[in-house]
Amino acid sequence: MIIIKLMDDVLLSILGKVNLMTLMRVSVVSKRWRHLPWLLTQLSIDVKDFLREPYADPTVDYNIEKAMLSLRDAAMSMLASKYRKCIISRLCISFFLTNSNSSVVGHLVTDAIVNGEVKDIELTSGVERIPFDVSDEEMTKHENDMHNLIGNTCTQLRYLYLFQCDTGLDKSFRIDAPNSKISKLEFFSFHSKQVEIACLPKLEVLISGHWSSPYLPLTLGNVPCLKVVEIYCSAESYQGPFQLSKLLCRTRINKLTLDFLGQKVWLQPEKYQLRSAFSNLTGLSVAGIFVGFGLLWIIALLKVASSLEILHIEVLMLHLYVL
Amino acid sequence: MEVDKGKGEAEETRKVAEADRDTVTLKSSDGKLFEVSKEAAARLSTVLAGMIAGGSIDDNGTDLKQIGSEALENVVDYCNKHANSIPSAALISSSISFNTAPFKEPEEWERKFVDRLSHDALFDLVEAANFLGMERLLDVTCHKISEMMKGKSPDQIREVFNIKNDYTKEELEEIRQELAWAFYDD
């Protein structure tokens, strides 16, 4: 059979497309393939792979603990220098943040970077639970864990993706991490009352998508390296417009993307307030504008963006179904 | 002398015509010739693009000794189909962001294209795509093969790909213990 003769680089292209569990199963099929998992330069370890029947329910603490232990073993074995012959250019770890295992993930990440095995790590942390199921006490612990992870244990981390990783509807979350090397921070679906990025000195790219509070619950403090901001949300009727100038008042970004995903425009009309924030803006992309809306408000943005070189506007045609 | 001069001119004209041609001729390892649009070849294959730019394309058929006629026919077929397809709306709309490269799932016609291939033809094509530096075709063929592996046990994978197990029972048990996190439900 010809597949056994395929060259390693082709096999690696194929194995780059399967999850970790399939990857390990393929590797024990034949001796010829045994070393392949440790030759991949991009690796994704997802806690969901370890949530399996009869322990699949992620709302049960015991299941999460069990899955996190497997994830720890998996990460340790994939990074083990015994087999590894090449550097991982990108490692993605998706996990649940709980009290007992945040330091485990933190140490893994730090060790991997210190040993030079991994160039870039992406952490995805998300508690995909119904917020009402989680006690206030647990939420407060969760908040401390998050902060400890970002500010103390994972200071070498460069990319952090926070999925449903909030601290409760009526709580604020503050990130103050002067030692952190995070350069790209991405929020997706957050329900906190307020997220304050007080200090992230190396932050260059900030992406923020889908919030549930009435206004974008984000404030920026000391982020001197911030160059690119992307905000997207399909706003519900109770959600109102916010002042972009307030969010960006302490920044001088180069690129801004605003995507309304075909729903209402959540931007408050502003004129000269944006002048200083837009003074270095060279690229502006405004997308997902419902076809029935006017575009005149974009002219107001252009008037204050004196350095603008590229403007991208995209109108969204939504199919309306009338019952 | 007069005749010779005429011949030379005819040769010149033919050469100019060849350079202006909008197709290139490729020759498989078993000597079969295939024509493919120069534009599509250059756009889809980094190796062919390099050969076209470097002038190392042979008008009588550029030798591709590593690729058999069946695989080359599929490569050419893919290039032609690609040239005629219109990118789907999903691909266009996902290109708005400055930061994120859009993840491209195989399109409907690409899926059909690899689905109709036998296993052997698929593996030949994946090697041809790798050899010719055809990133997209490599992506689509690897995606197809990876789907044949997903969710299967080592035994099932051996069965699908007709691979002989060269481990002893003891060796397999040792691996299972070492990588218990990956095999705890087998």
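**Helix packing, sheets and the chain contact**

I start with a crossing: α4(B) passes α7(B) in a right-handed crossing. The two helices pack at an angle of about 70°, with their axes 9 Å apart. That angle makes α4(B) roughly perpendicular to α7(B). On the α4(B) side the contact is made by B:Glu70, B:Ala71, B:Leu72, B:Asn74 and B:Val75, and on the α7(B) side by B:Ala121, B:Asp124, B:Leu125 and B:Ala128. By class, that contact has six nonpolar, one polar and two charged residues.

Before going on, a word on what you are looking at. This is a predicted model, and the predictor gives the complex an ipTM of 0.79 and a pTM of 0.68. For chain B the mean pLDDT is 80, with 77% of its residues at 70 or more. Two stretches of chain B need a caution. Where pLDDT is low, the predicted coordinates should not be read in detail.

Back to the helices. α7(B) also packs on α8(B): their axes come within 9 Å and cross at roughly 150°. This crossing is left-handed. From α7(B) the contact takes B:Leu122, B:Leu125, B:Val126, B:Ala129 and B:Asn130; from α8(B) it takes B:Leu137, B:Leu138, B:Thr141, B:Cys142, B:Lys144 and B:Ile145. These residues divide into eight nonpolar, two polar and one charged.

In what order do its three strands lie? The order is β2-β1-β3, in an open sheet with mixed pairing. β2 (33-37) and β3 (62-63) stand at the edges with a single partner strand each, so one side of each is left without a neighbour in the sheet. Strand β1, residues 23-27, runs parallel to β3(B) and is joined to it by two bridges. Opposite B:Leu26 stands B:Thr62 in β3(B). Helix α4, residues 69-84, lies across β1 and β2 of chain B and runs at about 20° to β2(B).

Chain A has an open sheet of three strands too, in the order β5-β7-β9, and here the pairing is parallel. Its edges are β5 (172-176) and β9 (218-222), each with a single partner strand, so one side of each has no neighbour in the sheet. Direction ignored, neighbouring strands are turned by 10° against each other on average. β5(A) pairs with β7, residues 194-199, over five bridges. One residue pair to look for: the bridge partner of A:Ile175 is A:Ile197 in β7(A).

Last, the contact between the chains. How many residues does each chain put in? Chain B gives 33 and chain A gives 37. On the chain B side, α7 (119-131), α8 (135-149), α9 (154-161), α10 (169-178) and α11 (180-183) each supply at least two residues. α8(B) gives the most, with six residues. By class, the chain B side divides into 18 nonpolar, eight polar and seven charged. So much for the tour; I will take questions now.

Note on methods: Residues are numbered from 1 along each chain as its sequence is written. Chains are lettered from A and ligands numbered from 1 in the order in which they are written. This is a predicted model: local features need pLDDT of at least 70, side-chain atom pairs count only at pLDDT 80 or more; totals for chains, interfaces and linings use all residues. Two strands pair if DSSP finds at least two bridges between them. Helices (H or I, at least four residues) and strands (E, at least two) are DSSP runs, numbered from the N terminus. Two residues are in contact if their C-beta atoms, placed from the backbone, lie within 7 Å. Axes are lines fitted to C-alpha atoms, for helices over the stretch in contact, and angles run from 0 to 180 degrees between N-to-C directions. Ala, Val, Leu, Ile, Met, Phe, Trp, Tyr, Cys and Pro count as nonpolar, Asp, Glu, Lys and Arg as charged, and the others, Gly among them, as polar. Angles under 35 degrees count as roughly parallel, over 145 as roughly antiparallel, 65 to 115 as roughly perpendicular and the rest as oblique. A crossing is left-handed if the near helix is turned anticlockwise from the far one by less than a right angle, and right-handed if clockwise. pLDDT is the predictor's confidence in each residue, from 0 to 100.
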